[in-house]
Amino acid sequence: QVQLVESGGRLVQPGGSLRLSCTASGSIFSINTMRWDRQAPGNQRELVATITSGGDTTYADSVKGRFTISRDNAKNTVYLQMNSLKPEDTAVYYCDATGTLLSRRGFRSWGQGTQVTVSS
């Protein structure tokens, strides 16, 4: 009942920047926390950043100072601005949202992911 679609992933050189977007659609009453995770080949999925509806943010230590998460509540969209990218940032990036449906039931949904490759 809630779909998340990520975009913005591509090949970028080390030191470059990229902005990912993720938009939620469906029978949404409200969205609480939105987050970005990533999964590199052979690795477990790891949390990258989270943002609450009030704008409070948390970051993985590996991306602090380089990545910025933000959201546009009116558009049900979360962004991930990634600067000073490193080869170890290469992964499929997924967005995740929790909230309340129009039926007043809770939901948690994930997107299909967008590939980010950092390589020269």
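Me: Is Thr 100 buried or exposed, and how do I read that?

Reply: Buried means under 20% relative accessible area, exposed means over 50%, and partly exposed is in between (1.4 Å probe, protein chains only). Thr 100 has 19% relative accessibility, so Thr 100 counts as buried. Bear in mind that this is a predicted model, where local features need pLDDT of at least 70, side-chain atom pairs count only at pLDDT 80 or more, and totals for chains, interfaces and linings use all residues. Residues are numbered from 1 along each chain as its sequence is written, and side-chain values use heavy atoms, with hydrogens and water left out.

Me: Which residues does Thr 100 touch?

Reply: Contact means heavy atoms within 4.5 Å. Leaving aside residues up to four places away in sequence, Thr 100 touches Ile 28, Phe 29, Ser 30, Arg 105, Gly 106 and Phe 107. Thr 100 itself lies in strand 9; strands (E, at least two residues) are DSSP runs, numbered from the N terminus.

Me: How many disulfides does the structure hold?

Reply: A disulfide is a pair of cysteine sulfur atoms within 2.5 Å. The structure holds one, joining Cys 22 to Cys 95 with S to S at 1.8 Å. Cys 22 is in strand 3 (residues 18–26) and Cys 95 in strand 9 (residues 91–101), so the pair ties together parts 73 residues apart in sequence. Both Cys 22 and Cys 95 are buried.

Me: What is the strand order in the open sheet of four strands?

Reply: Two strands pair if DSSP finds at least two bridges between them. Here the order is 1-3-8-7, with antiparallel pairing. Strand 1 (2–7) and strand 7 (67–72) are the edges, each pairing on one side only.

Me: Which residues stand opposite each other along those pairings?

Reply: Let's walk across. Strands 1 and 3 pair over six bridges, and Gln 3 has Ser 25 in strand 3 as its bridge partner. Strands 3 and 8 also pair over six bridges, with Ser 21 opposite Tyr 79 in strand 8. Strand 7 and strand 8 (residues 77–82) pair over six bridges too, and there Ile 69 is partnered by Leu 80.

Me: Where do charged ends sit over rings?

Reply: A charge sits over a ring if NZ of Lys or CZ of Arg is within 6 Å of the ring centre and within 35 degrees of the ring normal. The charged end of Arg 45 sits over the ring of Tyr 94, 3.7 Å from its centre. Likewise, the charged end of Arg 104 sits over the ring of Phe 29, 3.7 Å from its centre.
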